[in-house]
Amino acid sequence: MTDVQTAEVDPPWEGLTGAELHAACMHAAREGDRQAMARLVDELTPLVWHVARANGLDRSVAEDVVQTVWLALFSQLGKLRDPKALAAWLITTTRREATHPHGRRMQPVPLSDEVAEAMPSTQPAPEDEAVRADRDRRVWRAFVRLPHRCQELLRLTVLAGRAEYQLVAEALRMPRGSVGPTRGRCLDQMRDLLASEGGSR
Amino acid sequence: MNDVGVPGGMASADDEILLADIGRLFDELDPVPGDLVQRVQFALALEDLDVEVARWERLDTLAGVRGSGTGTITFTVSDLTVMINLTKIGKQHRIDGWLVPAGQYGVEVRVAEHGTSSTTADEGGRFVLDNVPRGTTQILVHLGDVSCRRTIVTPTVVL
């Protein structure tokens, strides 16, 4: 029913952003509109990705989980009536997939160093570049040593601060206002890790 | 994001700096893979989205299979296990599969930009697909009869 009109008429979510965009896309997707689904996938795949990564999955497993979560969403879209619940649903489902007992979770080690090691440290760089790269490496190492819960909360906090992820901010407000203090403790813990590695901060 | 409001006298500006660092680092060091959205879109390009999603199992092994074109991989969903043995023949694959519990179910293999190969498992649950192109691959198994039809799909994987 949808393909016919796409060429000439703008989809109903054209020009919308944030929560309104997601609500319009969810509505159309429930009617079987593939374009609407594609738009949601475009918009929100980074959210699912970051939750998967924060929960200890290596990059290739995270890719599987992202797909699983989207397939799961669209195969049961009728059950999710409230578009406001979309972000929370994506976060919860991703978390559940990530911690699925069937050996899903890889060893905790690869996540820690995999990415930091991939940093271009051997390239010739001006002195301040090298200093910055060194600090970046330390910050990242400290970050991936945080408990998964903290990693997830901090990744989501960063996303929530970006205009297009307003719905993440809403999802973060949901668990009874405990986010602020928890986030503070996570950041403190990260500073401790940084300090124990020896360095400027 | 500015109302972190952390108790204990820590300056919030400090938090902001650290959060900005984290944001910059995950954009730089841990970006969403460039083709991921595309692979999700391919995985979703099914006629009927009333499906159950299987999990790839033994991912340590799968990691070795990805891209190398040879090996055994397994995926499961509630009550079905599918084992796939891949043999690389030139630029294509031969797929030997085994469904447990056994049944004469329809099996489809979708490869991005190459269409679909399909077959039916024998009574023992075994099936063979020859000349399957390599690439972003998704496997579907159709269970049950007309009255109670279920479709199992996997996430895509690059084989």
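Trainee: At what angle do helix α8 of chain A and helix α1 of chain B pack?
Mentor: About 90 degrees, with the axes 9 Å apart. Axes are lines fitted to C-alpha atoms, for helices over the stretch in contact, and angles run from 0 to 180 degrees between N-to-C directions. This is a predicted model: local features need pLDDT of at least 70, side-chain atom pairs count only at pLDDT 80 or more, and totals for chains, interfaces and linings use all residues. Residues are numbered from 1 along each chain as its sequence is written, with chains lettered from A and ligands numbered from 1 in the order in which they are written.

Trainee: Why is α8(A) called roughly perpendicular to α1(B)?
Mentor: Roughly perpendicular covers 65 to 115 degrees. The angle is about 90 degrees, so α8(A) is roughly perpendicular to α1(B).

Trainee: Which residues of α8(A) and α1(B) meet?
Mentor: L154(A), R155(A), T157(A) and V158(A) meet L19(B), I22(B), G23(B) and F26(B). Contact requires C-beta atoms, placed from the backbone, within 7 Å. By class, five residues are nonpolar, two polar and one charged. Gly counts as polar.

Trainee: How many helices and strands does chain A have?
Mentor: Chain A has 10 helices and zero strands. Helices are DSSP runs of H or I, at least four residues; strands are runs of E, at least two.

Key: Parallel < 35°, antiparallel > 145°, perpendicular 65-115°, else oblique. Contact = placed C-beta atoms within 7 Å.
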